[in-house]
Amino acid sequence: MEEPFITRRQLFGKTMAAAAGVAAAGTAAWAARLASTHRPPRTFSDLIPADNPHVREAAFWKTACHGVQCELCPFGCFLPEGSRGICKVRMNSAGRLVTMVYGHPVSVHLDPIEKKPVFHLLPGSLIYSLAAAGCNLRCSFCQNWEISQAHPEEASGKTMVPRELRILAVSGGRAQAQVLADETATLAPEEVVKAALATRCRSIAYTYSEPAVFYEYVRDIAALAKKAGLRNVMVTAGYINPKPLAELAPLFDVVKVDLKGFDEGFYRRMVGGELRFVLRTLSELRRHKVLTEVVNLVVPTLNDDPAQLKALAAWVRANLGPDTPLFFSRFQPQYKVQNIPPTPVATLTLARDLAMREGLRYVYVGNAPGHPGEHTYCPKCRQVMVRRQGYLVLENRISASGRCPNDGTRIPGIWG
Ligand code: SF4
């Protein structure tokens, strides 16, 4: 068949169209090949499968420019899509703030309550103690840095969970017991309360890492525990905003606040936070009438200046009252602070003396077994009311109504 006559211009147009078609097909194939061999850049969102049971919408946040703002702690992190807060466990996922550690404890133990240390709640009792990963502070001397400074992904495995405590035999006032435990990655609030009751604990502690940053889990467990007749204890660095704290306060019987020093420079350098916010938390707890115990870890050369220890005690006396239990605890080399020796016992004794001279009635020494500062004394007759040796309670003379048997002086706390 005869070819139709075409002009040179028509021939040029046809040639260009054919070339464009080949180029388009080539580009599509190239793009398909690239997509199959190169994944797009990963974001933190990719790390969270939609069905992750530990991810829940968080409390206390608002939409802010190009993301969300967390309102749980004084940092008030602004978080664009896919990014996490300083605590590493709260993130912006698709425009919502989520917690990534709900129902996912990384450490669960049965502890003597003296280990917290909490001295004015049910001495000698067992406390069901648990932690999730994360903390909003960065203490260089953290004792639990493996979990407090971990990302949830680093602590995503299973944890041994005590489920039941069986008494096998009792002789000479001592019980032989067996703890039944199993491994799990997920522990719902109802299961925590059930396990606490089955292991004969009288209270639950949110402890080891920073409970403020696993707030939603703490709140839900604490509400169920209170209904079940258990006591709630939070062991915290106190870095939380007043509004979330106000919602937790009615659920708690004791809050133990780790007041790490009494100098803003020390807090900024060694703790990664600001002292004024911790003092605000302590004042708020007083306003909410929550029994508060304060502990200060005395680290040689860093926060052991007698003037600073005296000022700390004076602040506690003036703002929380003379009945506030205050502990001075012994430092052992930890985490990034390996070059400083343990606190001399004489320093702890001096700190205790200074605090008692400031008018505090219940001042203790921690991590120094055998020290007379382990006992609770009646402030009137000066007799030992609770005699301790390390985590052991050797004697408790305080009546269930909280009074000294000698002179009826009321000792603040929950004793029966
Ligand atoms: S709780 Fe975490 S995310 Fe929220 S403000 Fe504090 S550090 Fe930031």
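Strand β1 is joined to strand β6 (residues 96-99) by two bridges, and the two run antiparallel; strands here are DSSP runs of E with at least two residues, helices are runs of H or I with at least four, and both are numbered from the N terminus. The model is a predicted one, in which local features need pLDDT of at least 70 and side-chain atom pairs count only at pLDDT 80 or more, while totals for chains, interfaces and linings use all residues. Residues are numbered from 1 along each chain as its sequence is written.

**Sheet β1-β6-β5**

- The three strands make up an open sheet in the order β1-β6-β5, with antiparallel pairing, where two strands count as paired if DSSP finds at least two bridges between them.
- Its edge strands, each pairing on one side only, are β1 (56-57) and β5 (90-93).
- Four bridges link β5 and β6 in the antiparallel sense, and Arg90 has Thr99 in β6 as its bridge partner.
- The hairpin of β5 and β6 has two residues between the strands, and Ala94 in this hairpin takes a positive phi near 55 degrees.
- Strand β5 is covered on both faces, with Arg90 and Asn92 buried on one side and Met91 and Ser93 buried on the other; a residue is called buried if 20 or more other C-beta atoms, placed from the backbone, lie within 10 Å of its own, exposed if 12 or fewer do, and partly exposed in between.

**Sheet β2-β3-β4**

- Another open sheet of three strands has the order β2-β3-β4, again with antiparallel pairing, and its edge strands, β2 (61-64) and β4 (78-79), each pair on one side only.
- Strand β2 pairs with β3 (residues 67-70) over four bridges in the antiparallel sense, and Thr63 stands opposite Val68 in β3.

**Helix α3**

- In α3 (residues 189-198), the residues Val192, Val193, Ala195 and Ala196 are buried.
- They lie on the same side of α3, because they cover an arc of only 165 degrees around the axis, an arc taken from the directions from the helix axis to the C-beta atoms.
- Following α3 comes Arg200, whose phi is positive, near 65 degrees.
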